[in-house]
Amino acid sequence: MRKKKINLTIDGVPVTVPEGTTIMEACEGLGISIPRLCYHPDLSLMGSCRVCIVEVKGMGFYMTSCSQKVWEGMEVQTNSPDIRQARRDIVELLLDNHPKDCQICERDGNCELQNLAYSMGVRARHFEGKRKRFPLDLSSHSVVRDSEKCVLCGRCVRVCAEIQGVHNLSQHGRGFYTVVAPAHMADMDESVCIQCGQCIAVCPTAAFVEKRSAGGVWEAIANPELHVVVQTAPSIRAAIGEGFGLPPGTPSAGKMVTALRRLGFDAVFDTDFGADMTIVEEAHEFLTRLKEGPLPMITSCSPGWISFLEKFYPELIPLASTCRSPMTMVSALVKTYYAQKKGIDPRKIYMVAVMPCVAKKFEARRPEHYLDLPAPELGQGQTVKVPMTDAVLTTRELIWMIKCYGIDFLKLPDGEFDAPLGLASGAGDIFGTTGGVMEATLRAASELVTGRPADRLEFTEVRAVEGLRETHVAIGEHNIRVGVANGLTNAKILLDKVKAGEPFHVIEVMACPGGCIGGGGQPYPPEGYHVLDPELLRKRASALYAIDAGKTLRKSYENPAVEEVYENFLGSPGSPKAHQLLHTHYAPRFPRGIR
Amino acid sequence: MNSPTCSTTDNWEHVQAISREALGEPLWRFIEECRAKDHPESHLISILHKVQSQYGHLSPTHLDAVAQLLGVPAAKVAGVASFYHFFRLAPRGKFIINVCMGTACYVKGADRIAARLMDELGITWGETSKDGIFTVEQARCLGTCGLAPVLMIDNEMHGQLTPDQVPAILEKYLKKSRSQTGS
């Protein structure tokens with residue numbers, strides 16, 4: 001049924017829009033951008049910040065344009081001296097209860113509140129008054145909560161509940177003392193937080209930021225004793241350019257590699273190589289499980305998803321692939337295979353991973369991802385525990401380091417990843433986007449199952465751009481039922497189906513919307529885009545598909561560097577050594593989440 | 001194909017048992033009744049009322065148990081409990097001291113009475129002394145302005161006070177508490 005049309009005027013211009021349109025949406029059609037703070041197009045309406053107010057003729061009060069739907073004959077005024085003053089006052093009142101530390105703030109130059117204050121014309125502070133005081137929550141490995149910078153827009157509460165289904169955050173208390181925090185004001189590391197970092201991505205200020213790791217990396221680079229190795233996740237190359245003004249979706253692997261060398265890293269490896277390793281191990285695991293169960297096999301690359309599994313669906317833990325993530329596989333191989341090959345003491349290697357993800361900071365500190373390395377100075381047979389990955393940087397942190405070092409990114413020549421752990425197939429490259437792990441798995445599995453080359457390389461039907469896909473893929477005599485989800489609210493739908501007994505074979509879950517390209521550590525969106533913007537995610541994904549399509553090496557099994565690791569070091573996929581270095585285990589975690 | 005549910009990693013029965021134990025049988029049954037209705041989450045406030053009337057306050061353990069058994073996220077349950085003035089998140093003392101801060105008491109020096117009281121107990125408004133015996137709260141007028149300044153301990157009025165009288169009054173209730181517990 002076609003929607004009724006509503007006629008109204010906005011700033012004197014007649015306009016006709018479908019019934020149910022909000023004033024803000026109607027304005028956008030006319031090229032009028034109403035200032036806003038709590039509003040987010042992909043989250044529920046809250047209408048709490050009041051920044052988007054407009055005048056409506058006949059109403060005795062200003063109306064919030066984000067939540068007010070149009071009516072027949074409505075006369076809207078979006079601009080007048082009074083309305084501009086009212087918006088300015090609202091922003092000024094928000095600033096009044098906000099620290100005055102912009103110049104030393106993580107979001108300086110990238111803060112929606114700062115931008116709003118500038119565009120509203122706040123040039124003086126008229127309402128100096130009492131300011132809220134809360135301690136900084138530094139308990140989590142990934143997410144720092146600074147409630148003094150919170151403007152109570154509630155976007156984090158909504159993204160955590162609506163997109164991620166985690167419901168870790170809520171507004172506690174009342175009035176001036178209201179604070180956004182986990183239940184009982186618990187520390188983040190004692191909450192059901194899965195550390196995906198989407199709260200960081202949607203926060204307009206610095207009330208949520210990642211735990212910084214650059215300090216340790218600078219120190220390691222400056223230490224001549226250490227061999228500092230870096231690896232970069234697939235999705236970094238698709239987004240890093242945004243930090244230097246390149247349009248979203250500009251593949252920037254070459255410049256990124258050169259920048260990393262200039263920063264002083266001794267070797268620049270590619271997490272995509274680890275993705276190829278993951279595919280080989282995972283395909284091997286899948287073939288075994290296709291015969292012996294349990295099915296479905298659920299992917300395990302996304303550490304936010306793994307935390308979600310452990311806290312919200314612990315009974316499904318046996319279904320997760322035991323493969324470590326590509327990041328941890330590369331790190332494990334760097335401190336064993338590569339160290340041995342180069343004759344470097346693995347304890348003198350400092351392993352840095354650049355990830356689109358803040359949960360990777362947590363993954364790197366899980367005790368399962370530590371190596372026991374010989375420490376003869378402590379006595380014969382003694383060992384020390386060393387993390388496979390020493391530090392995880394987000395894309396944002398790397399962009400900052402490059403700027404801090406005075407590197408003109410745009411003028412850099414293209415560089416090549418180092419051998420041997422820098423060679424990747426196109427299947428490894430697409431790991432960074434939704435459906436990518438599934439597509440790479442299907443490329444490998446179809447050959448393994450049928451014993452002949454795959455008749456196709458692209459499985460576009462598994463790219464869950466809308467968040468959730470279910471389909472069947474014929475592989476030999478098997479009709480494989482696959483599910484792909486990104487955003488954990490979508491994942492819940494698949495997991496509940498699994499619990500209800502629906503016979504899936506493989507499920508790919510990525511915690512963040514769009515997959516890693518939309519990770520909690522990715523750059524804040526450039527001008528003209530918003531966080532979670534499907535268009536931004538599509539452009540970043542297209543960069544990865546372009547890289548894949550441009551390669552002749554497109555299957556993980558054909559990666560000669562992977563073959564070499566198995567031939568000279570691990571033996572065969574699924575071998576005891578491969579199990580020890582490339583596989584892991586999971587356990588239920590508390591507090592248990594409510595799904 | 002194996003069953004996707006593996007008992008070794010499933011902790012629901014454990015969590016459920018802890019939650020039931022924290023709330024006790026009658027409350028658990030009440031929550032079960034709420035769950036059987038449409039929109040179980042809409043009964044959250046009435047459940048919290050019942051928990052508070054049974055236990056005197058809402059501890060994180062109680063709130064987590066309600067969250068698990070009702071199936072409402074703990075952040076939401078705790079958010080609701082912390083929003084309403086009626087709900088108490090910390091245990092209250094054996095005796096509730098209401099210091100009248102109404103106009104008449106205030107001009108007669110209620111602030112000095114309050115200051116002495118807090119000094120003696122080492123706590124501030126809304127808090128409970130470490131021994132769990134006294135909770136100090138503000139009252140806005142107890143209707144006994146002729147006796148100003150006043151404080152009310154449980155239902156007993158103490159009027160025309162000076163700060164120096166405060167320690168003796170507290171001692172009286174401490175004695176009462178000791179005789180009640182027999183120690």
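# Briefing on chains A and B

Helix 4 of chain B contains H62(B). The model described here is predicted. Two chains, A and B, meet in a contact that draws 24 residues from chain B and 27 residues from chain A.

**The setting of H62(B)**

- H62(B) is buried, because 22 other C-beta atoms lie within 10 Å and the threshold for a buried residue is 20 or more.
- When neighbours within four places in sequence are set aside, the contacts of H62(B) are A22(B), L23(B), V51(B) and Y55(B).
- L48(B) is 14 residues from H62(B) along the chain, and the C-alpha atoms of the two are separated by 9.0 Å.

**Helix 1 and helix 4 of chain B**

- Helix 1 of chain B spans residues 12–23, and its axis comes within 9 Å of that of helix 4 of chain B, with a crossing at roughly 125 degrees.
- That angle makes helix 1 of chain B oblique to helix 4 of chain B.
- The crossing of these two helices of chain B is left-handed.
- On the side of helix 1 of chain B, the contact is made by V15(B), Q16(B), S19(B), A22(B) and L23(B). Helix 4 of chain B contributes T61(B), H62(B), A65(B), Q68(B) and L69(B).
- By class, the contact of helix 1 with helix 4 of chain B comprises five nonpolar and five polar residues, with no charged residues.

**The setting of R35(B)**

- R35(B) is located in helix 2 of chain B, which covers residues 25–36.
- R35(B) is partly exposed, because 13 other C-beta atoms lie within 10 Å, a count between the limits of 12 or fewer for exposed and 20 or more for buried.
- Apart from neighbours within four places in sequence, R35(B) is in contact with P40(B) and L70(B).
- Although R35(B) and L70(B) are 35 residues apart in sequence, their C-alpha atoms are 6.4 Å apart in space.

**The contact between chain B and chain A**

- The contact consists of 24 residues of chain B and 27 residues of chain A.
- Helix 4 (60–70) and helix 5 (74–83) of chain B each provide at least two residues of the side of chain B that touches chain A.
- Helix 5 of chain B gives the most to that side, with seven residues.
- The side of chain B that touches chain A is made up of 13 nonpolar, eight polar and three charged residues.

**Domains of chain B**

- The domain assignment divides out domain 1 (12–83) and domain 2 (95–181) in chain B.
- The C-alpha centres of domain 1 and domain 2 of chain B lie 34 Å apart.

**Helix 9 and helix 15 of chain A**

- The axes of helix 9 (residues 271–292) and helix 15 (residues 436–450) of chain A come within 9 Å and cross at roughly 50 degrees.
- Helix 9 of chain A is therefore oblique to helix 15 of chain A.
- The crossing of helix 9 and helix 15 of chain A is right-handed.
- From helix 9 of chain A, the residues that meet helix 15 are A275(A), I279(A), V280(A), E282(A), A283(A), F286(A) and L287(A). Their partners in helix 15 of chain A are A440(A), T441(A), A444(A), A445(A) and L448(A).
- The contact of helix 9 with helix 15 of chain A contains ten nonpolar residues, one polar residue and one charged residue.

Methods: Residues are numbered from 1 along each chain as its sequence is written. Chains are lettered from A and ligands numbered from 1 in the order in which they are written. This is a predicted model: local features need pLDDT of at least 70, side-chain atom pairs count only at pLDDT 80 or more; totals for chains, interfaces and linings use all residues. Domain bounds come from an automatic or database domain assignment. Two residues are in contact if their C-beta atoms, placed from the backbone, lie within 7 Å. Helices (H or I, at least four residues) and strands (E, at least two) are DSSP runs, numbered from the N terminus. Ala, Val, Leu, Ile, Met, Phe, Trp, Tyr, Cys and Pro count as nonpolar, Asp, Glu, Lys and Arg as charged, and the others, Gly among them, as polar. Axes are lines fitted to C-alpha atoms, for helices over the stretch in contact, and angles run from 0 to 180 degrees between N-to-C directions. Angles under 35 degrees count as roughly parallel, over 145 as roughly antiparallel, 65 to 115 as roughly perpendicular and the rest as oblique. A crossing is left-handed if the near helix is turned anticlockwise from the far one by less than a right angle, and right-handed if clockwise.
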